[in-house]
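Q: Please take a close look at one helix packing in the structure shown here. Please also set that packing in the context of the chain and its strands.

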Amino acid sequence: MDIEDIVDQHERLANGTRADAEGTPGGVVVRARKNREGAVGYDIPGSQLVYLKTYGCSHNNSDSEYMAGLLVKEGYGITEDFSKADMYLINSCTVKNPSEEHFIHEMTKARRTGKPTVVSGCVPAGDPKNDAFRDVSIIGVQQIHRVAEVMKETAKGNSVQITSSGKRAGLPSLEHAKIRRNELIEIIPINAGCLNKCTYCKTKHARGDLMSYPIEEICKRVQQVVEEGVKEIRLTSEDSGAYGRDIGTNIVELLDRVVQLIPEGVMLRVGMTNPPYILEHVDDIARVLNHPRVYSFLHLPVQAGCNDVLQVMQREYTVEEFELVCDTLLKKVPGMLLATDIICGFPSESEESFQRTLRLCQKYRFPALYISQYYPRSGTPAAAMKQLRSQDKKDRSRRLTQVFESYSNHTHSIVGTLQRVWITEKAHDKKHLVGHTKCYVQVLIDPEEASLGTSVVVKIVSASKHSVVGTTKFTPSRVSWSLLLSILVVFVAIAAYFVQTGSHFK
């Protein structure tokens, strides 16, 4: 039974009654129709212009790209202009209070227009019975492939909810139609959910336990997008390191298969991973990150530099284990760029605990450090714990930010050198193109000197905290030593990879 079948039975369903239709992924709720006779597109569902707004992580962005592709396939248009839209589709994030508040504000704004509104993502998926969603339609995170059905019924005046209802609804196919926000960058989810039980996290309520895509399905998607001309592939999930543990494989087996499919001119970025599950594969991960077509970059959230706090968070690793992963990667991967996250002001965090976090960040001088004040998320164990004062959270966030701003990133160390850069984006300043080095340093380039989708060698002429500026206009004789140094770095990375694998170029 599908949405249309349930709507046809609408007169026989009490208002708000849940119909757990067998054969459908999860429960469906259909609420009474609103009188939309005469509304835009009432008689021709599928012709509307849909405003699509996305909050949150790369997995959310991938979900939105799939939903956009599915809607366009059914005749809908997609717009970023709120005022021009006939309908609204808002994809939410529940990681932090601010992102959820932005989502609620956008949803309220859409609702006030009187136009059909649909919400998706982790906020409604984690709390679908919340009164805040009483008159909007909901698409669960595992039901994004049914977005066109939901939009169709919502355009007719129905409020429809399709969620997993606690059931394992399965993973949406990676073969669905997709419209990439950036045609050069493909985001591929490799798994959804996780194995963790972090006391502060609400995403688990929405995404659930770990569910991994089969290696063959991921590889098929990689081959497809390479043929479509993408230049960067990002593997994403809530925890890449846990990939495959539910289906009898692991992240290394996946990466070894994927890198064989990456041609010259295309780069692979490995997604965020939590320390517990990467620890047992750290040597193999170092080998993969040394591959010439894999960025030497990893996002490895530590959250706190004190074991007592990590225990209360139920992070399932120690600071010493986190440091072992960092030390191994920094030793074995030339130019390795590590990013991490810190939560300031978590319940039970004492001043001494926070001092340990400061010392950890000073020790590793992370080039990318994502600092957040702790926000209690409703329904999580940490929300019921004794909270620190808001002023203490703000003060610790400020002090950690000062530490981060106090040191120079390794961006400054490459000034004057030649670097190969893969160019995939336009800068926010609308004046530069954006590329990345093998070690994932962000490089700004004049659009008159290079083109999107290309790979060029540039001389790094200046650096700031978060990026460098490169130019293709240089005199080789004057930079011969830096050229030799750059070639040597690349050679060492390639040699390290082949020594560790005993393989040859594919």
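A: The answer below starts with the model and the chain, then turns to the helix packing, and ends with the strands.

This is a predicted model, in which local features need pLDDT of at least 70 and side-chain atom pairs count only at pLDDT 80 or more, whereas totals for chains, interfaces and linings use all residues. Residues are numbered from 1 along each chain as its sequence is written, and side-chain values use heavy atoms, with hydrogens and water left out.

The chain has 15 helices and 21 strands; these are DSSP runs numbered from the N terminus, helices being H or I of at least four residues and strands E of at least two. Of its 506 residues, 54% are buried, that is, under 20% relative accessible area, with exposed meaning over 50% and partly exposed in between (1.4 Å probe, protein chains only). Among contacts (heavy atoms within 4.5 Å) between residues at least 6 apart in sequence, 73% join residues at least 24 apart.

Two packed helices are described by the angle between their axes and the distance between the axes. Helix α7 (residues 215–227) packs against helix α8 (residues 251–259) at an angle of about 30 degrees, and their axes lie 10 Å apart. The axes are lines fitted to C-alpha atoms, for helices over the stretch in contact, and angles run from 0 to 180 degrees between N-to-C directions. Angles under 35 degrees count as roughly parallel, over 145 as roughly antiparallel, 65 to 115 as roughly perpendicular and the rest as oblique; α7 and α8 are therefore roughly parallel to each other. Their crossing is right-handed, meaning that the near helix is turned clockwise from the far one by less than a right angle. On α7, the contact is made by I215, E216, I218, C219 and V222, and on α8 by E253, L254, R257 and V258. By class, six of these residues are nonpolar, none is polar and three are charged.

Turning to the strands, β17 (residues 418–426) pairs with β20 (residues 455–463) in the antiparallel sense over five bridges; pairing requires that DSSP finds at least two bridges. L418 has K459 as its bridge partner in β20. Four bridges also join β17 to β18 (residues 433–436), again antiparallel, and here W422 is partnered by H436. In the hairpin of β17 and β18, which has six residues between the strands, K430 takes a positive phi near 60 degrees.

Strand β7 (residues 137–139) runs parallel to β8, joined by two bridges, with I138 opposite Q161. In β8 (residues 159–162), S159 and Q161 point one way, V160 and I162 the other, and all are buried.

Terms used
Nonpolar A, V, L, I, M, F, W, Y, C, P; charged D, E, K, R; others polar.
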